[in-house]
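Here is a short briefing on one protein chain. Keep the structure in view as you read.

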Amino acid sequence: MTLTTPALLFPAISLLLLAYTNRFLVLAQLIRELNQRNNKGLEVVVKRQITNLKSRLHLIRSMQTCGVLSFLLCVLAMLALFLEQPQLGSIMFGCSLLTLVLSLLMSLYEVWISCRAIEIELESMQD
């Protein structure tokens, strides 16, 4: 493995972290909008949405953590390769890939939960 192998992940991880940040910003805006509603008699739909939003918020935090950890491990892999420690570099790069996969799986689950939130809204419109 050469020094350029882990470097190939840099653009992908950077774009992934940007996408996660955008998801977080949209979620934060939704939470603020819910908070501005009349909180005196929260409807059942709003309560269900709040539960959904809490789950998504925790998932996005975990996705971002794994993404940053993947980026950090990738940099450490490059450092190990630069210091002529190929075995350590390979291990670090493998760990970087695993945390990236974990982040992507959490992202997939967050999309599923997000779709469920839209279904809750659609249900409320049918009543």
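The points below cover the fold, the salt bridges, the cysteines and a surface patch.

This is a predicted model. The chain has 4 helices and 0 strands. Its charged side chains form 3 salt bridges.

**Overall fold**
- Read from the N terminus, the elements run α-α-α-α.
- The chain has 127 residues, and 31% of them count as buried.
- Take the contacts in the chain with a separation of 6 or more: 82% of them come from residues 24 or more positions apart.
- The accessible surface is about 8400 Å², and 68% of that belongs to carbon and sulfur atoms.

- Side chains of opposite charge can pair when their charged atoms come close.
- Glu110 and Arg23 form a salt bridge, at 3.3 Å from N to O. This pair links distant parts of the chain: Glu110 is in helix H4 (residues 86-126), Arg23 is in helix H2 (residues 9-36), and they sit 87 residues apart.
- Glu110 also meets Arg56 in a salt bridge, at 2.8 Å from N to O. Here helix H4 is linked to helix H3, with Glu110 and Arg56 54 residues apart.
- Is Glu110 buried or exposed? Glu110 is buried, because its relative accessible area is 1%, under the 20% cut-off.
- Arg56 is buried too. Arg23 has 23% relative accessibility, so it counts as partly exposed.
- Glu119 and Arg116 make a salt bridge at 2.9 Å from N to O. They are 3 residues apart in helix H4, so about one helical turn separates them.
- Glu119 is partly exposed at 40% relative accessible area, and Arg116 is partly exposed at 27%.
- Shared partners join Arg23, Arg56 and Glu110 into one salt-bridge network.

**Cysteines**
- How many disulfides does the structure hold? The count is 0.
- Cys66 is buried, with a relative accessible area of 11%.
- Cys74 is buried as well, with a value of 0%.

**A nonpolar surface patch**
- Which residues form the nonpolar patch on the surface? They are Leu3, Leu69, Leu72, Leu76, Leu79, Phe82 and Leu83.
- Together these residues have about 650 Å² of accessible area.
- Leu3 lies in the segment before helix H1 (4-7). Leu3 is partly exposed, with a relative accessible area of 36%.
- Leu72 lies in helix H3 (residues 44-82). At 49% relative accessibility, Leu72 is partly exposed.
- Leu72 and Met92 are 20 residues apart along the chain, and 9.4 Å separates their C-alpha atoms.

Methods. Residues are numbered from 1 along each chain as its sequence is written. This is a predicted model: local features need pLDDT of at least 70, side-chain atom pairs count only at pLDDT 80 or more; totals for chains, interfaces and linings use all residues. Side-chain values use heavy atoms; hydrogens and water are left out. Patches are made of residues with over 30% relative accessible area and no salt bridge: like charges are joined within 9 Å, nonpolar side chains (Val, Leu, Ile, Met, Phe, Trp, Tyr) within 5 Å. Accessible areas come from the Shrake-Rupley method with a 1.4 Å probe; for residues, only the protein chains shown count as cover. A salt bridge is a side-chain nitrogen of Lys or Arg within 4 Å of a carboxyl oxygen of Asp or Glu. Helices (H or I, at least four residues) and strands (E, at least two) are DSSP runs, numbered from the N terminus. Buried means under 20% relative accessible area, exposed over 50%, partly exposed in between (1.4 Å probe, protein chains only). A disulfide is a pair of cysteine sulfur atoms within 2.5 Å. Contact means heavy atoms within 4.5 Å.
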